[in-house]
Amino acid sequence: MMQTFFDFLSFKHFIAADILIVCYYIGALLFPLILYLSRKYIIQNISWINTFYSRFTTSMHALSIQKKLLIILFFLLLFLSMEVVWRMMCEMMIGYFQMHDYLQLLAEGR
């Protein structure tokens with residue numbers, strides 16, 4: 001127990017992999033949900049987003065249903081792509097910290 005605490009304080013054991021898993025779920029689930037729920041506040045209080053949103057909605061009304069569906073599909077694919085990139089970024093960092101732990105185990109075995 002005391003050795004584990006000392007390893008934590010001397011940075012021999014990283015907690016980043018455990019923290020990264022929590023951060024992944026916050027970024028993948030909680031952050032998009034918060035943005036979705038606060039969209040009205042953001043549109044009303046940030047002027048350039050308000051301008052963009054008003055121009056976007058007026059141009060969307062002029063489009064056909066097929067083009068609207070294509071735009072919705074595009075944004076859905078964009079969202080899914082960003083989720084995959086977020087997952088890959090977290091996996092790479094977790095893999096780095098796991099490699100560090102394995103290399104430390106190998107070095108202790110000498």
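## Rings and a pocket

Phe52 has a relative accessibility of 54%, so this residue counts as exposed. Keep in mind that the model you are looking at is predicted.

**Aromatic rings**

- Searching the whole structure turns up 5 aromatic pairs.
- One of them joins Phe52 and Phe56: the ring centres are 6.0 Å apart and the planes meet at 15°, so this pair is stacked.
- Phe52 and Phe56 both belong to helix 4, and because they are 4 residues apart, about one helical turn separates them.
- Phe56 counts as partly exposed, because its relative accessibility is 27%.
- Phe74 and Phe75 make an edge-to-face pair, with 5.4 Å from centre to centre and 70° between the planes.
- Phe75 is partly exposed, at 41% relative accessibility.
- Ring pairs tie Phe52, Phe56, Phe74 and Phe75 together in a cluster.

**The largest pocket**

- The lining of the largest pocket has 22 residues, and Leu35, Tyr36, Arg39, Phe75 and Phe79 are the ones nearest the centre.
- Helix 2 (16-37), helix 3 (39-45), helix 4 (47-61) and helix 5 (65-108) each give at least two residues to this lining.
- Helix 5 provides the largest share, with 9 residues.
- By type, the lining residues are 19 nonpolar, 1 polar and 2 charged.

**Charges over rings**

- Arg39 places its charged end over the ring of Tyr36, 4.2 Å from the ring centre.
- Arg87 has its charged end over the ring of Tyr24, at 5.3 Å from the centre.

How values were computed. Residues are numbered from 1 along each chain as its sequence is written. This is a predicted model: local features need pLDDT of at least 70, side-chain atom pairs count only at pLDDT 80 or more; totals for chains, interfaces and linings use all residues. Side-chain values use heavy atoms; hydrogens and water are left out. On a 1 Å grid over the protein atoms alone, a cavity is a set of points where a 1.4 Å probe fits but cannot get out, and a pocket is an open set with protein on both sides within 12 Å along at least five of seven lines; lining residues have an atom within 4 Å of a point. Ala, Val, Leu, Ile, Met, Phe, Trp, Tyr, Cys and Pro count as nonpolar, Asp, Glu, Lys and Arg as charged, and the others, Gly among them, as polar. Rings of Phe, Tyr and Trp (its six-membered ring) pair if their centres lie within 6.5 Å; planes under 30 degrees apart count as stacked, over 60 as edge-to-face and the rest as tilted. Buried means under 20% relative accessible area, exposed over 50%, partly exposed in between (1.4 Å probe, protein chains only). A charge sits over a ring if NZ of Lys or CZ of Arg is within 6 Å of the ring centre and within 35 degrees of the ring normal.
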